[in-house]
Amino acid sequence: MSVIVDFSIFPLGKEESVSKYASRAVKIIKESGLAHHISPMGTSIEGEWDEVIRVITRCMEELKKDCGRLYMTMKVDCRAGVSGRMEKKVRSVE
């Protein structure tokens, strides 16, 4: 089943700007080869459930190396039999 996961992760208790942490997660997402879209408040990732969750888990494991507390959100849209939905959904409303 294809999923689009809107995902954000950042540490709590670190400095005010968390971009250096977010960039580590973005690097993992980019290297995954999955379709993704980076926005100011998170990243959308599209793929099969297991592969998307595996990437999100890798992001969490990377930040846990030096962050004692993480805040993470996920919104998930599951749909059978359809792929390439991120671009189609945006185009349909533009």
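Leu34 turns out to be buried, its relative accessible area being 12%; buried here means under 20% relative accessible area, exposed over 50%, and partly exposed in between (1.4 Å probe, protein chains only). This is a predicted model, so to speak of local features takes pLDDT of at least 70, side-chain atom pairs count only at pLDDT 80 or more, and totals for chains, interfaces and linings use all residues. Residues are numbered from 1 along each chain as its sequence is written, and side-chain values use heavy atoms, with hydrogens and water left out.

Leu34 sits in the loop between α1 and β2 (35-39). Helices (H or I, at least four residues) and strands (E, at least two) are DSSP runs, numbered from the N terminus. With residues up to four places away in sequence set aside, Leu34 touches Ile45, Glu46, Gly47, Glu51, Val52 and Val55, where contact means heavy atoms within 4.5 Å. From Leu34 to Ile9 it is 25 residues in sequence and 18 Å in space, C-alpha to C-alpha.

Val52 and Val55 come up again in helix α2, where they are buried along with Ile56, Cys59 and Leu63. Seen down the α2 axis, the buried residues fall within an arc of 95 degrees, so they line one face of the helix; the arc is taken from the directions from the helix axis to the C-beta atoms. Cover for these buried residues includes β1 (2-11), α1 (19-32), β3 (42-48) and β4 (70-79). On the face turned away from the buried side, α2 carries the exposed residues Asp50 and Arg54.

Leaving out residues up to four places away in sequence, Ser2 touches Glu46, Gly47, Glu48, Asp77, Cys78, Arg79, Val82, Ser83 and Arg85.

As for the surface, Trp49, Met72, Met74 and Val76 make a nonpolar patch of about 330 Å². Patch residues have over 30% relative accessible area and no salt bridge, with nonpolar side chains (Val, Leu, Ile, Met, Phe, Trp, Tyr) joined within 5 Å and like charges within 9 Å. A salt bridge is a side-chain nitrogen of Lys or Arg within 4 Å of a carboxyl oxygen of Asp or Glu; accessible areas come from the Shrake-Rupley method with a 1.4 Å probe. Strand β4 gives the most to the patch, with three residues. Met74 lies in β4 and, at 39% relative accessibility, counts as partly exposed.
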